[in-house]
Amino acid sequence: MLRAGVLTGGGDSPGINAALRSIVRFGFKKGVETIGFLEGWRGPIEDLTQPLGINDVSGILTVGGTILGSSRTNPFKVEGGVERIISNLEREKIDFLIAIGGDDTLGVAHRLAEHGVKAVGIPQTIDNDIAMTDYAIGFASALEVITDALDRLHTTAFSHHRVLILEVMGRDAGWLSLFGGVAGGADVILVPERDFDVEEVHRKVLHRKARGKHFSIVIIAEGAKPAETNGQIVAEAEVDEFGHVRLGGVGQYLANQLSQRLEMPVRVTNLAYLQRGGTPSPFDRILATRFGAAAIEFALEGKFDVMTAVHGMKIEPVPLEEALSQPRPVDPGLFYLLDLFE
Ligand code: F6P
């Protein structure tokens, strides 16, 4: 029996457990035994494990989050972190790792390849900002939360003749804001890829009012930048172990600016961590199941330092070097959706 170690790192999302279930069940069928490392890369560093047998993954297809726990631990920021991982993998007789997470988690897997660690990555982040895959696990489920929120905001905005602003996640990429805005019928969609001009937003709201629409819905990504300052609005300047600040507050910034210009009331809702909760959407359950099985297949084929990637209907291995060497902003070919009805 080959032994696989699996870990889940970075921002969680629905769908991770569906991937764990597939790794364990498909792996069992292929003669691979799986153990779970807890709390992202902290698990291999501190040898925190739990068994992951068929019974341990029973019933988790529909459960959000990750039964292994997550963290933003960076082994390359921990004294002796890499050496401890290597010795723990030997101690646990791990033949290969499967790392589920975003660019930070997968970036560690890629760097460990130079130290002889065999790993396959599975892209997972609600931000959907990992290059060379059409989708990452979590994006579709977060979109459902955002769409439902916008549907709910429409009825109260209409009832009170208000401008309602919804701030959504997506650290540096506007996939959630763009696709969520289209799905939820937002009147104004603001993304990090295009600095926003408060006057332009003000004009769009007045234009709607002139047509008898005494309410407007604005969706804005947490990483969107006001043109006049060209800087992201930060909730917490303290950086995590991968150098990321915690974004937040751009929705309130825009509300304050609009309130100075409009007679209409302006209110803000920040969806924050609701976007990371709940049961996985059917799309994410299918994607995660396919990615989990593919990760086992690629490992058995000796394909390491790669990640599972979906291209249309195909699942293919993509070198982590290539996928992680480039950001994945919203495709400019989709910008037409930002003002489709203007
Ligand atoms: O990386 C996914 C993400 O949800 C981002 O959209 C968000 O900015 C960040 O994680 C929040 O990080 P944390 O969960 O550490 O607050």
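**Entry 1: aromatic rings**

Is Y135 buried, exposed or partly exposed? I looked it up: Y135 is partly exposed, because its relative accessibility is 29%. For my own reference, buried means under 20% relative accessible area, exposed means over 50%, and partly exposed lies in between (1.4 Å probe, protein chains only).

A note on what I am reading: this is a predicted model, where local features need pLDDT of at least 70, side-chain atom pairs count only at pLDDT 80 or more, and totals for chains, interfaces and linings use all residues. Residues are numbered from 1 along each chain as its sequence is written, and side-chain values use heavy atoms, with hydrogens and water left out.

Next I searched the whole structure for aromatic pairs and got 7. Rings of Phe, Tyr and Trp (its six-membered ring) pair if their centres lie within 6.5 Å; planes under 30 degrees apart are stacked, over 60 edge-to-face, and the rest tilted. Y135 and F283 make an edge-to-face pair, because their planes meet at 70 degrees, with the ring centres 5.0 Å apart. This pair joins distant parts of the chain, 148 residues apart: Y135 is in the loop between β5 (119-123) and α5 (139-160), while F283 is in helix α9 (residues 282-300). Such helices (H or I, at least four residues) and strands (E, at least two) are DSSP runs, numbered from the N terminus. F283 is partly exposed, at 39% relative accessibility.

I then turned to F139 and F179, a tilted pair with 5.8 Å from centre to centre and 55 degrees between the planes. F139 is in helix α5 and F179 in helix α6 (residues 175-183), 40 residues apart. F139 is buried at 2%, whereas F179 is partly exposed at 23%. Y135, F139, W175, F179 and F283 together form one aromatic cluster.

**Entry 2: charges over rings**

Which ring does the charged end of R111 sit over? I found that ring to be F76, with its centre 3.7 Å away. The rule I used asks for NZ of Lys or CZ of Arg within 6 Å of the ring centre and within 35 degrees of the ring normal. R328 lies over the face of W175, 4.3 Å from the ring centre, and W175 belongs to the aromatic cluster above.

**Entry 3: R285**

I found R285 in helix α9, and it is partly exposed at 23% relative accessibility. Not counting residues up to four places away in sequence, R285 touches A18, L61, T62, T279 and P280; contact means heavy atoms within 4.5 Å. I also checked R285 against V239: they are 46 residues apart along the chain, and their C-alpha atoms are separated by 32 Å.

**Entry 4: helix α8**

How many residues of helix α8 are buried? I read 7 of 10, so the helix (residues 250-259) is mostly covered. The buried ones are V250, G251, Y253, L254, A255, Q257 and L258. Among the elements covering them are β6 (163-168), α7 (198-210) and β11 (266-270). I picked out Q257, which is buried with a relative accessible area of 17%. Leaving aside neighbours within four places in sequence, Q257 is in contact with V198 and E228.
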